[in-house]
Amino acid sequence: MAQGLWDEWMALAKSLIWLRGTLVELVDVLVPKPALRLLAHPRLHAFIGLDRIDAVGNWIDNNFMLKRRQKRTAEQRINVSTQDYLKTHFCAAPFEQLETAPTGLAYACCPVWLPTPIGRLDTPAHELWNSTPARNIRESMIDGSFRYCNHVHCPAISGRRLESRDSAHAKAIIARYQSGVETLPEHVKLSHDKSCNLSCPSCRTSTYVANSAKQAKLDQLTEATLVPLLREAKSVLVTGSGDPFGSKHFRNLLKRLNGGDFPDLKIDLISNGQLLDPRAWSELGLKGRVRNVEISVDAAKADTYAIVRRGGTFERLLKNLAFLRDMRRSGEISSLHCSMVVQALNYREMPEFVRLCEDHAADLIIFNMIRQRDIFGKEEYIEAFIGSPDHPDYADFLKVLEAPELAQRNVLIGNVREYAPRGTFAEAAE
């Protein structure tokens with residue numbers, strides 16, 4: 001009797017797991033497209049409340065979309081060339097870095113590149129960093145399978161930029177890990193607040209800024225989890241989810257890191273550059289504390305910028321890039337990077353973008369292909385995704401990729417390589 005009841009419960013549990021894994025596909029098939037577009041309309045978001053939308057979105061992401069991304073990664077087809085490459089190369093990220101996400105989870109790398117969380121962000125630091133999922137991910141780097149990684153989205157894999165497994169650095173990490181020594185991450189990437197002053201179409205449908213209640217919760221998280229992590233870290237990156245200067249929480253955090261508890265901690269910034277000006281630099285006490293700065297630009301012309309960087313102005317961008325150029329040339333910051341999300345709207349400007357960045361003393365110019373995001377309708381993504389051979393402008397896109405500017409050593413072509421014929425770009429140096 002008891003065994004029969006147990007079997008019924010197990011069958012029900014399996015059915016629920018199946019339902020959760022297929023709900024998104026059912027919605028996509030059964031819900032009319034106009035209704036889906038209505039659900040993404042900014043006016044509806046404003047009526048319901050962005051914080052309610054955000055809470056529901058986080059729940060859906062953690063319970064449905066995350067499983068979908070993990071399934072796609074588990075079922076990805078890996079060609080022989082990539083398999084051979086991974087067997088002789090190594091990724092140190094899961095052994096050295098931790099990344100936070102807006103959904104309240106923590107990862108060993110970017111959640112798009114490695115969509116398996118290592119635990120909840122409110123977990124005590126040592127317990128989070130040494131969790132079972134974290135150990136499983138590290139084992140996949142040691143055995144050369146990289147089975148938790150998305151081999152296309154990860155630019156280090158698709159761009160062939162991993163370090164050799166025979167390098168002294170890789171050998172030291174593997175030896176330390178296998179000896180059982182427990183450490184905390186050397187590098188922390190903070191992406192748990194997606195507040196931003198812009199609403200770029202490749203990222204979100206409308207502007208989001210956390211309200212005071214949400215900011216208070218984030219500030220509590222800082223003291224409970226982040227500060228213990230950062231006391232032992234060598235660097236912290238702010239932010240991969242929004243903008244460090246468009247987020248009140250991250251502005252407060254940057255001020256908090258100015259205390260004596262973090263004398264050797266170096267700060268890396270990723271920003272759209274609209275609010276990164278001399279006043280912000282002074283108010284947040286960033287002098288002497290910032291190592292690297294990356295500005296996500298996505299355009300080389302004012303008209304294009306107005307579309308792909310919705311809410312920003314090209315004039316302000318250029319003014320602040322000039323400020324950063326002076327900072328780089330004086331040695332106040334160690335490096336300056338500029339990046340572009342390549343899409344149908346901007347691919348023609350890739351060569352001009354390289355020249356623009358070089359004029360502003362950029363050490364590295366980074367390209368990555370636009371990716372499918374949950375905010376996109378199918379038609380929108382097809383129109384934007386210039387990497388498809390079926391796109392009407394694909395042939396023109398391939399011609400742009402032949403531009404000599406894109407073959408320079410200071411240009412990182414990223415996963416754009418995956419969408420061009422083999423041999424378009426030389427293999428990256430080790």
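This is a predicted model: local features need pLDDT of at least 70, side-chain atom pairs count only at pLDDT 80 or more; totals for chains, interfaces and linings use all residues.

**Terms and the values behind them**

Me: Which residues make the contact of H8 with H10, and what kinds of residue are they?

Reply: On the side of H8 the contact is made by Arg135, Arg138, Glu139 and Ile142, and on the side of H10 by Ile174, Tyr177 and Gln178. They divide into three nonpolar, one polar and three charged residues.

Me: Which residues of H8 are buried, and what covers them?

Reply: Ala134, Ile137, Arg138, Ser140, Met141 and Ile142 are the buried residues of H8, and their cover includes strand E1 (89-90), helix H6 (93-96), helix H7 (125-129) and H10. Just after H8 comes Gly144, with a positive phi of about 80 degrees.

Me: How do you know whether Asp298 is buried or exposed?

Reply: The relative accessibility of Asp298 is 1%, to be set against the cut-off of under 20%, and Asp298 therefore counts as buried. Asp298 lies in the loop between strand E9 (290-296) and helix H14 (302-308), where it takes a positive phi of about 75 degrees without being a glycine.

Me: What joins Val238 and Thr239, and where is Thr239 found?

Reply: A cis peptide bond, with omega of about 0 degrees, joins Val238 and Thr239. Thr239 is found in the loop between strand E7 (235-238) and helix H12 (248-256).

Me: At what angle do H11 and H12 pack, and which residues meet there?

Reply: Helix H11 (residues 212-231) and H12 pack at about 35 degrees, with their axes 11 Å apart, in a right-handed crossing. From H11 come Gln215, Leu218, Asp219, Thr222, Glu223, Val227 and Arg231, which meet Lys248, His249, Asn252, Leu253 and Arg256 of H12. In this contact three residues are nonpolar, four polar and five charged.

Me: Which residues touch the most other members of the largest nonpolar core?

Reply: Among the 104 residues of that core, these are Val342, Met350, Phe367 and Phe397, while helix H15 (residues 314-330) gives the most to the core, with six residues. Leaving aside neighbours within four places in sequence, the contacts of Val342 are Tyr347, Met350, Phe367, Asn368, Met369, Ile370, Ile386, Phe397 and Val416.

Me: How many helices and strands does the protein have, and what share of its residues count as buried?

Reply: The secondary structure comes to 18 helices and 12 strands, and of the 430 residues 48% count as buried. Of the contacts with a separation of 6 or more, 72% are accounted for by residues 24 or more positions apart.

Definitions and conventions: Residues are numbered from 1 along each chain as its sequence is written. Side-chain values use heavy atoms; hydrogens and water are left out. A nonpolar core is a set of buried Ala, Val, Leu, Ile, Met, Phe, Trp, Tyr and Cys residues joined through side-chain atoms within 4.5 Å. Buried means under 20% relative accessible area, exposed over 50%, partly exposed in between (1.4 Å probe, protein chains only). Helices (H or I, at least four residues) and strands (E, at least two) are DSSP runs, numbered from the N terminus. Contact means heavy atoms within 4.5 Å. Ala, Val, Leu, Ile, Met, Phe, Trp, Tyr, Cys and Pro count as nonpolar, Asp, Glu, Lys and Arg as charged, and the others, Gly among them, as polar. Axes are lines fitted to C-alpha atoms, for helices over the stretch in contact, and angles run from 0 to 180 degrees between N-to-C directions. A crossing is left-handed if the near helix is turned anticlockwise from the far one by less than a right angle, and right-handed if clockwise.
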